[in-house]
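Please load the model in a viewer and keep a selection panel open.

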Amino acid sequence: MPAPRIEIDPDSGFCFGVVTAINKAEAELAATKDGGTLYCLGDIVHNSDEVERLEANGLRTITHSDLAKLHDTKVLLRAHGEPPETYRIARQNNIEIVDATCPVVLKLQHRIKAEYDRPDSPQIVIYGKIGHAEVNGLVGQTEGTAIVVEHVDDLDKIDFNRPVALYSQTTKSVEGFRAIAEQIRRRIDPQCSFASYDTICRSVSKRVDRLREFASSHDVIIFVAGTKSSNGKILFNHCLEANPRSFMIPNESQLQAEWLHGASSIGICGATSTPRWLMEHVKEKCEAISGS
């Protein structure tokens, strides 16, 4: 039997926001090799292999509790964005911020803050993953008053007798956002205003159709994503719907040879937080198993 064709999806991998954050981190690390430390507030990307690569080059990941104890140093803010409180602590502790907040997220933060600052501000509802770093930054623009909904069951948190403005975490699914918006529209008092703003990043959402096409064009799909990646879980489910022989792994060490048996073509793809080098490693492992 001839060796299978093995292809990496050209559209998979880091989105431009993550690329910018990684580039800033690498540039700062290169500049601080002779002294000083670069800290990063939270994992720079939801991929442990990439985090470990950067930590090996000197990046130190810290928590918000750690930040409050630091003084006179430099801290990188990742693409997910941060609430105003983080910037306040940095000013107070003389911390230099290297701000790698994604421009799409930053624009959304400004929109939500402007909405919240209006004299007649409605209830601000955010469709997103509760506790996600980006969502925490968005909620922070409203002094913690925004309502986060992840599922239809969460809608009971909303007062449907008051106006509502709905926004979305940038990496959520368009279909999920529309379903939430429709449920709010049905339940809200007709006398109350309801505005929904699809703030999902199009560079991410446009990947779905291309990814489904890629998944359906191969016998087997190996989807590479970190276990912490929300985007990875969403994109993998699309792969699974398009191709039942789809498998998600964090790196090549988890690849199982039996998945590839009988396949004439193998597709490798990943999340917006998956580095290209990691997909290359998975491809090499697939080649070694299949004798390509």
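Which element gives the largest share of the lining of the second largest pocket? The model on display is a predicted one, and the element to select in it is H10, which supplies five residues of that lining.

**Stop 1: the second largest pocket**

Select Tyr-127, Lys-172, Ser-173, Glu-175, Lys-233, Ile-234, Asn-237, His-238 and Glu-241 to display the lining of the second largest pocket. The space within this pocket amounts to about 190 Å³. Colouring by class shows two nonpolar, three polar and four charged residues in the lining.

**Stop 2: the largest pocket**

Next, centre the view on Val-174, Glu-175, Ser-205, Lys-206 and Val-208, which lie nearest the centre of the largest pocket among its 17 lining residues. Helices H7 (174-187), H8 (202-205), H9 (207-216) and H10 (230-242) are the elements that each give two or more residues to this lining. The volume of the largest pocket is about 240 Å³. Keep H10 highlighted: its four residues form the largest share of the lining here. By class, the lining of the largest pocket consists of six nonpolar, five polar and six charged residues.

**Stop 3: the largest cavity**

The largest cavity holds about 280 Å³ of space. Select Cys-15, Val-18, His-80, Thr-171 and Thr-272, the closest to its centre of the 23 residues that line the largest cavity. The elements contributing two or more residues to this lining are H1, helix H5 (103-117), H8 and H10. H1 is the leading contributor to the lining of the largest cavity, with three residues. The class division of this lining is ten nonpolar, twelve polar and one charged.

**Stop 4: the second largest cavity**

Select Asp-9, Asp-11, Ser-12, Arg-207, Arg-210, Leu-211, Leu-235 and Gly-270, which line the second largest cavity. About 40 Å³ of space lies within this cavity. Here H9 gives the most to the lining, with three residues. Four of the lining residues are charged, two are polar and two are nonpolar.

**Stop 5**

Return to Cys-15, one of the residues closest to the centre of the largest cavity. How many disulfides does a search of the whole structure find? The search finds zero. For Cys-15, the nearest cysteine sulfur belongs to Cys-102 and is 6.1 Å away. Cys-15 counts as buried because its relative accessibility is 14%, under the 20% limit for that class.

Cys-239 counts as buried, with a relative accessibility of 0%.

**Stop 5: the nonpolar cores**

Display the largest nonpolar core, which has 19 residues; Ile-44, Leu-54, Leu-59 and Leu-76 touch the most other members. Helix H1 (16-31), strand S2 (38-41) and helix H2 (48-56) are the elements that give two or more residues to this core. H1 gives the most, with five residues. To examine one member, select Leu-59 and show its contacts beyond four places in sequence: Leu-29, Leu-38, Tyr-39, Cys-40, Ile-44 and Leu-54. A second, separate core has 18 residues, among them Ile-158, Val-164, Ile-184 and Phe-194. In soluble globular proteins, nonpolar side chains tend to be buried together.

**Stop 7**

Finish with Glu-50, located in helix H2. Is Glu-50 buried or exposed? Its relative accessibility is 2%, so Glu-50 counts as buried. Showing its neighbours, apart from residues up to four places away in sequence, brings up Phe-14, Ile-22, Val-45, Pro-275 and Trp-277.

Terms used: Residues are numbered from 1 along each chain as its sequence is written. This is a predicted model: local features need pLDDT of at least 70, side-chain atom pairs count only at pLDDT 80 or more; totals for chains, interfaces and linings use all residues. Side-chain values use heavy atoms; hydrogens and water are left out. On a 1 Å grid over the protein atoms alone, a cavity is a set of points where a 1.4 Å probe fits but cannot get out, and a pocket is an open set with protein on both sides within 12 Å along at least five of seven lines; lining residues have an atom within 4 Å of a point. Grid points are joined across faces, edges and corners, and a volume is the space filled by probe spheres set on the points. Ala, Val, Leu, Ile, Met, Phe, Trp, Tyr, Cys and Pro count as nonpolar, Asp, Glu, Lys and Arg as charged, and the others, Gly among them, as polar. A nonpolar core is a set of buried Ala, Val, Leu, Ile, Met, Phe, Trp, Tyr and Cys residues joined through side-chain atoms within 4.5 Å. Buried means under 20% relative accessible area, exposed over 50%, partly exposed in between (1.4 Å probe, protein chains only). Contact means heavy atoms within 4.5 Å. A disulfide is a pair of cysteine sulfur atoms within 2.5 Å.
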